Amino acid sequence: MEARSCNTNVLIFLMLLALSLAYPGNHMKKQHKPCKELVLYFHGILYNGKNAANATSGIVAAPEGANLTILAPLKSSHFGNIIVFDDPVTLDNNLHSSPIGRAHGSYIYDTKNTLSAWLGFTFSLNSTQLRGTINFIGADPILINTRDISIVGGTGDFFMHRGIATIMTDAFEGLVYFRLRVDIKFYECW
């Protein structure tokens, strides 16, 4: 009888131990620190029908009856516009700085009630200090000062990197020019 009681106590102890390990609670959450950080800027110049020589992005789809050189009205949050871009990427916020690469991708104004876009793009970097690609994807609620989007991978110096990019509108001039500051924090570096 004593052996049976001892076995029962050991079994209960092991079950409680297993439960405590399965649910560690918030006090045991690992704090993540970036393995690599980087700040880059990209500059978008939207084609407006008059700036073909300087434009780095263009409207490729728009709501019915809309003009492909002018965004759908702001009151409609530009809903339905799709823009593709090939923008210069720089280390500082000067448009005339030597680019270290290009930002290639698209953004889609996908909400009717607020100014927001869905982004999918790649930084293709080709400088002496940074080589490779960084891939981004996520929602961009433009009216919020800082927005986070996912870094879903990369190549070269950024092979299989993953993390978060905090983007901020650093400057804009009407509907033609904007500059985004991109604070990149990689949490998974290979």
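Me: In which element is the place of F13?
Reply: This is a predicted model, in which local features need pLDDT of at least 70 and side-chain atom pairs count only at pLDDT 80 or more, whereas totals for chains, interfaces and linings use all residues. Residues are numbered from 1 along each chain as its sequence is written, and side-chain values use heavy atoms, with hydrogens and water left out. Helices (H or I, at least four residues) and strands (E, at least two) are DSSP runs, numbered from the N terminus. On that basis, F13 is placed in helix α1.

Me: Is F13 buried or exposed?
Reply: Buried means under 20% relative accessible area, exposed over 50%, and partly exposed in between (1.4 Å probe, protein chains only). F13 has a relative accessible area of 55%, so the residue counts as exposed.

Me: Which residues form a nonpolar patch on the surface, with about 300 Å² of accessible area together?
Reply: Like charges are joined within 9 Å, and nonpolar side chains (Val, Leu, Ile, Met, Phe, Trp, Tyr) within 5 Å. Accessible areas come from the Shrake-Rupley method with a 1.4 Å probe, and for residues only the protein chains shown count as cover. The patch is formed by V10, F13 and L14.

Me: What pattern does the chain follow along the sequence?
Reply: The chain has 1 helix and 9 strands. Read along the sequence, their pattern is α-β-β-β-β-β-β-β-β-β.

Me: How many residues does the largest nonpolar core have?
Reply: A nonpolar core is a set of buried Ala, Val, Leu, Ile, Met, Phe, Trp, Tyr and Cys residues joined through side-chain atoms within 4.5 Å. Those with the most contacts inside the largest one are L40, F42, F123, L125, I134, F136 and I184, and its residues number 32.

Me: Which residues does L180 touch, not counting those up to four places away in sequence?
Reply: L180 belongs to strand β9 and, at 6% relative accessibility, is buried. The C-alpha atoms of L180 and F42 are 5.4 Å apart, although the two residues are 138 apart in sequence. Contact means heavy atoms within 4.5 Å. By this criterion L180 touches L40, Y41, F42, R147, M168, T169 and D170.

Me: How far apart are the sulfur atoms of C35 and C189?
Reply: The structure holds 1 disulfide, a term for a pair of cysteine sulfur atoms within 2.5 Å. The link of C35 and C189 is right-handed, with 80 degrees about the S-S bond. The sulfur atoms of C35 and C189 are 2.0 Å apart.

Me: How many residues apart in sequence are the parts that the pair of C35 and C189 ties together?
Reply: C35 is partly exposed at 41% relative accessibility, and C189 is partly exposed at 30%. Because C35 lies in the loop between α1 (2–22) and β1 (36–45) and C189 in the segment after β9 (177–188), the separation of the parts tied together is 154 residues.

Me: What is the phi of M160, which is not a glycine?
Reply: Most residues other than glycine have a negative phi. M160 lies in the loop between β7 and β8 and is partly exposed, with a relative accessible area of 30%. The phi of M160 is positive, at about 60 degrees.

Definitions and conventions
Patches are made of residues with over 30% relative accessible area and no salt bridge: like charges are joined within 9 Å, nonpolar side chains (Val, Leu, Ile, Met, Phe, Trp, Tyr) within 5 Å. A salt bridge is a side-chain nitrogen of Lys or Arg within 4 Å of a carboxyl oxygen of Asp or Glu.
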